[in-house]
Amino acid sequence: MSTAMHDGIASSGRAGDSHVLRPGELDLSHKVILYLEDISVSFDGFKALNNLSLTIDAGELRAIIGPNGAGKTTMMDVITGKTRPDSGKAFFGQTLDLTRMNEPEIAHAGIGRKFQKPTIFENHSVFENLELAMKTDKRVWKSLFAQLSGEERDRVSDTLKRIRLQTEADRPAGLLSHGQKQWLEIGMLLMQEPRLLLLDEPVAGMTDEETERTAELFVSLAGQHSLVVVEHDMSFVEALGGQVTVLHEGSVLAEGSLAKVQADPRVIEVYLGR
Amino acid sequence: MRTPLSVRLFQSLPRTGWLALAIFAAVAWIAIPAAHLLLPESSPFHVSAYTVTLLGKILCYAVVAVAMDLIWGYAGILSLGHGVFFALGGYAFGMYLMRQIGTDGSYGVALPDFMVFLDWKELPWFWIGSDSFLWALIMVVAVPGLLAFVFGWFAFRSRIKGVYFSIITQALTYATMLLFFRNETGFGGNNGFTDFKRILGYDITSPQMRLVLFGLSAALLMAVLILGRYLVTSKFGRVLAAIRDAESRVRFIGYQPTQYKLAIWTLSAVLCALAGALYVPQVGIINPSEMSPANSIEIAVWVAVGGRGTLIGGVIGAFIVNLAKSFFTVSFPDYWLFFLGFLFIGVTLFLPNGVVGLWRKLRGRRPAAPETETPAPAATTQGAKA
C-alpha cells in the first residue's frame with residue numbers, strides 16, 4: 001500500500017490497485033494500452049488533429065474509419081513518434097509517455113506500424129526481411145556478430161507460415177505480388193512482437209480472397225496483441241467485427257459497433273455530404 | 001551452436017574467392033619479387049622498379065576504393081571527400097619519415113628542412129613523439145578516425161543525406177587542403193613532406209624495402225577484402241543495405257541508423273588512412289594536393305567504373321582507371337581529364353553496375369544488389385498526406 005501513495009498514477013485509483021512503477025516497461029494494470037488525450041497537430045495553420053481523444057484497451061481490435069484528410073495517418077505519426085503533437089498527452093500503457101520518445105524507442109517499447117504503401121526491403125530476401133525485423137538487440141556491436149539461433153530460425157519460419165510465404169523465403173522481396181508484399185510487411189510487424197499493432201490500410205490492393213485471409217489473421221491476433229486498423233473497405237471492417245471509431249476533421253465523430261456508427265446521422269452526413 | 005568467428009570469416013568468401021586471393025598472394029608475394037630481384041634487366045619478364053612502385057601505388061588506391069564501396073555501395077553514403085582521410089594517414093606516417101631523415105637533410109640539423117627554412121627553433125607540440133614508429137602507427141589510425149567520427153556524428157545525427165552530404169564532404173577536404181597549404185600549419189606548406197631516407201633505419205630506396213612495402217600493400221588489400229566481405233554478409237551489412245534502401249523504415253523496426261552509418265563511415269576512413277600511410281613511402285612525397293576535391297571525386301569514379309556494391313569492383317576500377325591514367329599522362333598528357341570525364345559519363349549511361357555488372361550480365365547472373373538507384377522513399381512521404 002505504501003508504494004501506491006508515492007505512485008502518482010495509482011494514488012488516484014482504488015485501494016488494492018497498488019503496483020510498482022518500473023521505468024521503460026509497459027504497464028497494463030488499468031487494461032488500457034493506448035491513451036490519447038486532447039492531441040492537436042497543425043501543419044502551417046491547418047489543423048490535422050484537433051483535440052483528439054481516444055483509448056484502446058489491451059487485446060482490442062479497433063477499426064478507424066474516416067474520409068480523406070480526417071487525420072488518420074497523422075494520428076499514427078503521433079503514436080509512433082514521427083510527428084510531435086503541439087499539445088495533448090499520448091501514453092502507451094499507464095507510464096510510457098510517447099511524446100518524449102523517439103521512433104526506435106517507441107518501436108522497442110512494443111508499438112509496431114504497417115505503412116499505407118508497403119515499404120519492405122526490396123533487395124533483401126523475404127527471409128532477411130523478417131530476420132531484420134525480429135525482436136532482438138539491435139545495436140551495432142550485436143549485429144556485427146549476430147548469428148541466428150535455431151529458436152530464432154523457428155520463429156522466422158513460423159511467421160513465414162502464418163503469412164503464407166514459406167515457398168518465397170529466398171526470393172528478393174521486390175519480386176512479390178502486391179498482396180504478398182502487404183503480408184510480408186505484416187509478418188515483419190509480427191516479428192517485432194509488438195503489443196500494439198498499427199495497420200494503415202492493410203488490404204489496399206489485395207484480392208478479395210487475400211482480404212478475407214487478412215481479416216482472419218487479424219482476428220486471430222486480437223487478444224494476444226492489440227490492433228488498430230485504419231481502413232476504407234467496409235466489408236473488411238465488418239469482417240473484423242470489433243469497435244469502430246469514426247474520425248472527422250481531426251477529432252472523433254462517433255464510436256461503437258459498425259452498425260451503430262453507420263446509423264449515426266452525423267456519420268452519414270460526413271460520408272455522403274449535404 | 002555458435003560458429004567461431006574465424007570459421008565465419010572463412011565462410012564469408014566463396015571457394016573461388018579464396019582461390020583468387022591465393023593466386024593474388026602468390027603473384028604479389030612470390031612472382032613479382034622474384035621477377036624484380038632475380039631476373040636480369042634484359043629479361044622480358046623482369047619487373048622494373050617503376051612497375052613495382054606503380055602497382056604498389058594502385059594497390060593502395062584499391063584499398064581506398066574498397067573502403068569507398070563499403071559506404072557508397074552498401075550504405076548509400078556517397079563521400080566526395082575521402083581523399084582527406086587518405087592524405088591524413090599519409091601525413092601522419094610522413095611525419096615519422098621526416099624524423100627518420102635525422103641530420104641528413106640539406107641543413108644538416110635534426111629539425112625537418114622546412115622548419116629550418118621557416119626559422120623555427122624547435123618542433124611544434126604536435127610533432128612530439130613523431131620519431132616513434134609505434135606512435136606514428138597510432139596517429140595514422142587515430143587522427144583520421146577521430147575526424148571521421150566527429151564529422152559523421154554531426155552529419156548523421158542531423159540526418160544530412162544524399163547530395164547534401166556529398167557536398168559537405170567536398171568542403172571538408174577542400175578546407176583541410178587550404179589549411180595544409182599554409183606554412184604556419186606546420187606540415188611543410190605546399191611542398192609537403194619529401195626526400196624520405198629511411199624506415200626503421202632501413203634505406204627506403206632499396207629494392208628490398210620497395211618489395212616489402214609492395215607486399216604490405218597487397219596484404220592490406222587482401223585483409224580489407226576479407227573484412228569487407230565478412231561485414232557485408234553479416235547482419236550488420238544487411239542492416240546497412242536496408243538503411244540505403246529505406247532508412248526511415250529501418251528506424252521504425254527499431255534500429256538506430258545513425259550508429260550504423262557512423263560505424264561504417266569511421267571504419268572506411270581508417271582503412272583509407274592505412275592505405276595513405278603505405279602510399280607515402282612508396283611514392284616518396286605527400287603534399288596538400290592529395291586533398292584536392294578532384295582527387296576525392298576520382299575515388300568515386302573508380303568504384304563506379306568497377307561496379308558499386310561488389311567490393312571487388314573497386315579493385316578492378318582502381319586498376320583500370322589508374323593504368324589508363326599512367327598511360328595517358330605519359331603518352332597524351334593533355335587528354336587525360338577528357339578521357340576521365342568520358343569514362344565517367346560512359347559508365348553512368350551504359351554500365352550502371354560497372355565492369356562487374358557487365359561481367360555478371362554476360363554470364364547471365366542476377367546482380368547482387370539490383371537497382372540501387374531506386375530506394376523506396378515511400379515512408380518519408382507519409383507525413384505529408386494526413
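These legends describe close-up views of a predicted model.

**View 1. Chain A as a whole.** Chain A contains twelve helices and ten strands. Its 274 residues would give a compact globule a radius of gyration near 19 Å, and chain A agrees with that at 20 Å. Along the principal axes, the C-alpha atoms of chain A fill a box of roughly 55 × 50 × 40 Å. Of the 274 residues, 44% count as buried. Take the contacts in chain A between residues at least 6 apart in sequence: 64% of them join residues at least 24 apart.

View 2. Strand β8(A) covers residues 226–230. Five of its five residues are buried, so the strand is largely enclosed by the rest of the structure. Both faces are covered. Ser226(A), Val228(A) and Val230(A) lie on one side. Leu227(A) and Val229(A) lie on the other. In a regular strand, side chains alternate between the two faces of the sheet.

**View 3. The strands that pair with β8(A).** Strand β3(A), residues 61–65, pairs with β8(A) in the parallel sense over four bridges. Within this part of the view, Leu61(A) has Leu227(A) as its bridge partner in β8(A). Strand β7(A), residues 196–200, also pairs with β8(A) in the parallel sense, over five bridges. Here Leu199(A) has Val229(A) as its bridge partner in β8(A). From β7(A) the chain crosses through helix α9(A), residues 208–221, to β8(A). This β-α-β crossover is right-handed.

**View 4. Glu212 on helix α9 of chain A.** Glu212(A) is found in helix α9 of chain A. Is this residue buried or partly exposed? Glu212(A) has 15 other C-beta atoms within 10 Å, so it is partly exposed. Buried would take 20 or more. Ala239(A) is 27 residues from Glu212(A) along the chain. Their C-alpha atoms are separated by 7.8 Å.

**View 5. Chain B as a whole.** Chain B contains 16 helices and four strands. With 386 residues, a compact globule would have a radius of gyration near 21 Å, and the 22 Å of chain B agrees. The C-alpha atoms of chain B fill a box of roughly 75 × 55 × 50 Å, taken along the principal axes. Buried residues make up 43% of the 386. Among contacts in chain B between residues at least 6 apart in sequence, 79% join residues at least 24 apart.

**View 6. The largest nonpolar core.** This core has 167 residues. Which residues have the most contacts inside it? They are Ala62(B), Val63(B), Val64(B), Ala65(B), Val66(B), Ala273(B) and Ala275(B). Follow Val63(B), leaving aside its neighbours within four places in sequence. Val63(B) is then in contact with Leu220(B), Leu221(B), Val224(B), Leu271(B) and Ala275(B). In soluble globular proteins, nonpolar side chains tend to be buried together.

**View 7. Val140 in helix α6 of chain B.** Val140(B) has its place in helix α6(B), residues 133–157. With 26 other C-beta atoms within 10 Å, Val140(B) is buried. Glu290(B) is 150 residues from Val140(B) in sequence. In space the two are 16 Å apart, C-alpha to C-alpha.

**View 8. Where chain B touches chain A.** Here 31 residues of chain B are in contact with 36 residues of chain A. On the chain B side, the elements giving two or more residues are α9 (235–245), α10 (247–252), α11 (257–283) and α16 (378–381). The largest share, seven residues, comes from α9(B). The residues on this side of chain B divide into 17 nonpolar, seven polar and seven charged.

**View 9. Helix α9 of chain B under its cover.** Eleven of the eleven residues of α9(B) are buried, so the helix is largely enclosed by the rest of the structure. Among these buried residues are Phe236(B), Val239(B), Leu240(B) and Ile243(B). What covers the buried residues of α9(B)? From chain A, the cover includes α5 (126–133) and α6 (140–145). From chain B, the cover includes α8 (207–233), α10 and α11.

Conventions. Residues are numbered from 1 along each chain as its sequence is written. Chains are lettered from A and ligands numbered from 1 in the order in which they are written. This is a predicted model: local features need pLDDT of at least 70, side-chain atom pairs count only at pLDDT 80 or more; totals for chains, interfaces and linings use all residues. A residue is buried if 20 or more other C-beta atoms lie within 10 Å of its own, exposed if 12 or fewer, and partly exposed in between; C-beta atoms are placed from the backbone. Two strands pair if DSSP finds at least two bridges between them. A crossover is right-handed if, with the strands pointing away from the viewer, the path from the first strand over the helix to the second runs clockwise. A nonpolar core is a set of buried Ala, Val, Leu, Ile, Met, Phe, Trp, Tyr and Cys residues joined through C-beta atoms within 7 Å. Two residues are in contact if their C-beta atoms, placed from the backbone, lie within 7 Å. The radius of gyration is taken over C-alpha atoms; the globule rule is 2.2 Å times the number of residues to the power 0.38. Ala, Val, Leu, Ile, Met, Phe, Trp, Tyr, Cys and Pro count as nonpolar, Asp, Glu, Lys and Arg as charged, and the others, Gly among them, as polar.
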